[in-house]
Amino acid sequence: MNAPVATRFTPLWPRLRQAAALVAGLLGLCGLSGCGYTDSRAAHRAQMTMIGMNSTDVQSCVGIPDKTKKISDTVQIFEYSRTLNIPSTNDSTLIPLQSVVNLTETTLGGAGKTCVADIRLENDRVTEVHYSGDDDEMIGTDGVCSIVTRGCVRQPVASMRHVKTGVFSPVSAFHSPRLDTQPAAATPAPANTK
């Protein structure tokens, strides 16, 4: 009983090292998944703040669209497609980190890498921002899409709407914001032919 502390715990050192490595790996994964939460909030915040922006401001903070589609004289769609570069980790003999990451992504989901953002403009003003693709991260939805709209959220332009920030803001990481319904574009009545 009077043996030094180091002598009493010597047989436990390998297990303590393994437990410490596991805890460090889990903390690292928790840190990475937290990024998914903030990315999702940023992407959903952009869906609210970009409403009302003019096309020049959209192109100045998001960039030149990959595709454009003119629906009518007053309606057009800007489409942006972005892919997230995710570096892979190497397994070591001590900690199989890549295996843990793969198992976590398989179990919890959220290994998205691609976002397609469609921005609808009517009369040269943004009316809707929609996301599609494999764009979910570990926590939250549409997190990968923050790479498309990040420039607008970080450095707002004059034509953007102000949206309250903070914990009690209307922005969620888990679903797109609910916006007021947009008025339908006026379509001409068909000519009456007899």
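Strand β4 covers residues 125–132 and runs antiparallel to β3, to which it is joined by seven bridges; strands count as paired if DSSP finds at least two bridges between them. The two strands form a hairpin with two residues between them. In the turn, Asn123 has a positive phi of about 50°.

Strand β3 (residues 114–122) also runs antiparallel to strand β2 (residues 75–83), and nine bridges join this pair. Within it, Ser81 stands opposite Val116 of β3.

The chain contains five helices and four strands in total, which follow one another along the sequence as α-α-α-β-β-α-β-β-α. Of its 194 residues, 32% are buried (under 20% relative accessible area, with a 1.4 Å probe and protein chains only). Contacts are defined by heavy atoms within 4.5 Å. Among contacts between residues at least 6 apart in sequence, 69% join residues at least 24 apart.

Residues are numbered from 1 along each chain as its sequence is written, and side-chain values use heavy atoms, with hydrogens and water left out. As the model is predicted, local features need pLDDT of at least 70 and side-chain atom pairs count only at pLDDT 80 or more, whereas totals for chains, interfaces and linings use all residues.

Terms used
Buried means under 20% relative accessible area, exposed over 50%, partly exposed in between (1.4 Å probe, protein chains only).
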